[in-house]
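Here are my notes on the model you sent over. I went through it point by point, with the sequence open alongside.

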Amino acid sequence: MQFDRLKRRDFVALLGGAAMWPSMASYAQVRPVVGLVSIGATPAEPANFGPFLAQMKELGYVEGQNVVFDRRFAAGDDSLIDGFVADLVRERADIIVATGTRELMATKRATSSIPIVTFAHPDPVGTGFAGSLSRPGSNVTGLTTMDLELYGKRVELLKQVVPTLDRVGVLVSTRQPIYKVGSSWAKKLELDVRSLGIAVDIVEADENNLDSQLATLANGRAKGLVVTSDGVFVAKGRAIAEGAVKHRLPSIFVFREQVRAGGLLAYAASIADLSRRAAFFVDRILKGGKPADLPIEQPTKFELVINLNTSKTLGLDMPPALLAAADEVIE
């Protein structure tokens with residue numbers, strides 16, 4: 001990494017000798033390093049970072065010429081994240097872009113000075129990473145998914161597909177700090193769906209026991225499955241989707257990639273839009289903006305994705321009104 005760029009102080013020192021070697025200035029190119037950290041992304045498939053990288057290019061940032069993207073994608077192995085972040089801090093990355101809750105937690109633990117941009121966090125203010133949306137007041141800024149507010153809506157959508165739904169299973173990651181049994185989020189979800197006559201069973205799972213936990217929900221008479229937002233669940237989207245079909249659990253996810261992998265439905269803020277907007281935050285910071293002064297943005301677009309193949313496999317008739325409202329239908 002140290003041979004791949006000139007740090008700012010090296011650049012200043014080099015300019016000091018420009019009078020003696022004027023041609024040397026043409027070789028000096030400060031290339032800021034932007035670290036990209038994600039549990040769910042893989043080196044072969046940047047997943048939620050695709051729109052961000054495309055927008056950075058549109059803004060004039062060409063990798064290898066005037067910017068370096070240091071990709072730290074864990075492919076579902078969240079044990080790598082602390083090491084990834086430590087490396088980026090040690091190598092003095094100029095900005096770190098972290099996707100979800102645990103990525104942001106690791107990054108904030110590691111540095112209070114390097115600017116951090118997040119775009120897939122459900123509630124950076126409520127979890128203490130920022131003072132307020134309008135004035136974060138720390139080294140964290142970016143965008144929020146407002147995901148905490150959407151789980152009641154997801155159950156409602158699932159009930160439109162499964163009218164007999166009276167008990168829903170909710171899959172949460174064992175290591176996810178926000179979505180927990182007995183948490184304020186869980187109590188709000190139970191309250192939100194009570195008026196629909198639906199009971200909630202929350203089951204914790206990790207990459208080693210996904211199928212057995214799905215079986216537990218099915219054996220407990222759950223008639224549908226809600227999969228919470230988590231990087232491990234993104235990376236294991238296909239396994240969860242196939243397990244849900246195996247146990248006859250119509251499913252609703254957060255990310256469209258999980259529906260493309262075989263899930264039935266997804267409903268969430270447009271992650272592509274949030275990812276794209278994150279590039280503008282990085283651009284402003286590279287041009288001198290301070291994260292503490294850059295308001296955290298809320299989503300303006302929410303997307304519904306439907307997999308008709310999975311619907312047919314489960315023997316479900318997709319309501320025409322839901323199909324008409326979908327942003328993407330996979331056939």
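1. Which residues line the second largest cavity? Bear in mind as you look that this is a predicted model. The lining is made up of Ala120, Pro122, Thr145, Asp147, Ser229, Val254, Ala268, Ala269 and Ile271. By class, that gives six nonpolar residues, two polar and one charged. The space inside comes to about 40 Å³.

2. Sorted by class, the lining of the largest cavity holds 10 nonpolar, nine polar and three charged residues.

3. Helices H8 (231-235), H9 (237-246) and H10 (256-260) each supply at least two lining residues; H10 gives the most, with three. The lining of the largest pocket divides into five nonpolar, four polar and four charged residues.

4. Five strands make an open sheet with parallel pairing, in the order E2-E1-E3-E4-E5. At the edges sit E2 (68-73) and E5 (140-144), each of which pairs on one side only. On average, neighbouring strands in this sheet are turned by 15° against each other, direction ignored. Helix H2 (residues 50-58) lies across E1 (33-38), E2 and E3 (95-98), and runs at about 180° to E2.

5. Strand E4 deserves a paragraph of its own. It spans residues 116-121 and pairs with E5 in the parallel sense over four bridges. On the E3 side, three bridges join E3 to E4, again running parallel; in one of the pairings, Ile96 has Ile116 of E4 as its bridge partner. How many of the residues of E4 are buried? Six of its six, so the strand counts as mostly covered.

6. Is Thr118 buried or exposed? Its relative accessibility is 1%, and because the cut-off for buried is under 20%, Thr118 counts as buried. Leaving aside residues up to four places away in sequence, Thr118 touches Ala98, Thr99, Leu104, Val140, Thr141, Gly142 and Leu143.

7. For contrast, take a look at Ala86. Ala86 sits in helix H3 (residues 81-90). With 33% relative accessibility, Ala86 counts as partly exposed, because its value falls between the 20% and 50% cut-offs. Along the chain, Ala86 and Arg109 are 23 residues apart, and their C-alpha atoms are separated by 9.7 Å.

8. Last, helix H7. Which residues of H7 (residues 210-219) are buried? They are Leu210, Gln213, Leu214, Ala215 and Leu217. The cover over these buried residues includes strands E6 (167-173), E7 (199-205) and E8 (224-227), along with helices H8 and H9. After H7 comes Arg221, and its phi is positive, near 75°. That residue is one to check when you go through the backbone at the end of the helix.

Conventions. Residues are numbered from 1 along each chain as its sequence is written. This is a predicted model: local features need pLDDT of at least 70, side-chain atom pairs count only at pLDDT 80 or more; totals for chains, interfaces and linings use all residues. Side-chain values use heavy atoms; hydrogens and water are left out. Two strands pair if DSSP finds at least two bridges between them. Axes are lines fitted to C-alpha atoms, for helices over the stretch in contact, and angles run from 0 to 180 degrees between N-to-C directions. Contact means heavy atoms within 4.5 Å. Ala, Val, Leu, Ile, Met, Phe, Trp, Tyr, Cys and Pro count as nonpolar, Asp, Glu, Lys and Arg as charged, and the others, Gly among them, as polar. Buried means under 20% relative accessible area, exposed over 50%, partly exposed in between (1.4 Å probe, protein chains only). On a 1 Å grid over the protein atoms alone, a cavity is a set of points where a 1.4 Å probe fits but cannot get out, and a pocket is an open set with protein on both sides within 12 Å along at least five of seven lines; lining residues have an atom within 4 Å of a point. Grid points are joined across faces, edges and corners, and a volume is the space filled by probe spheres set on the points.
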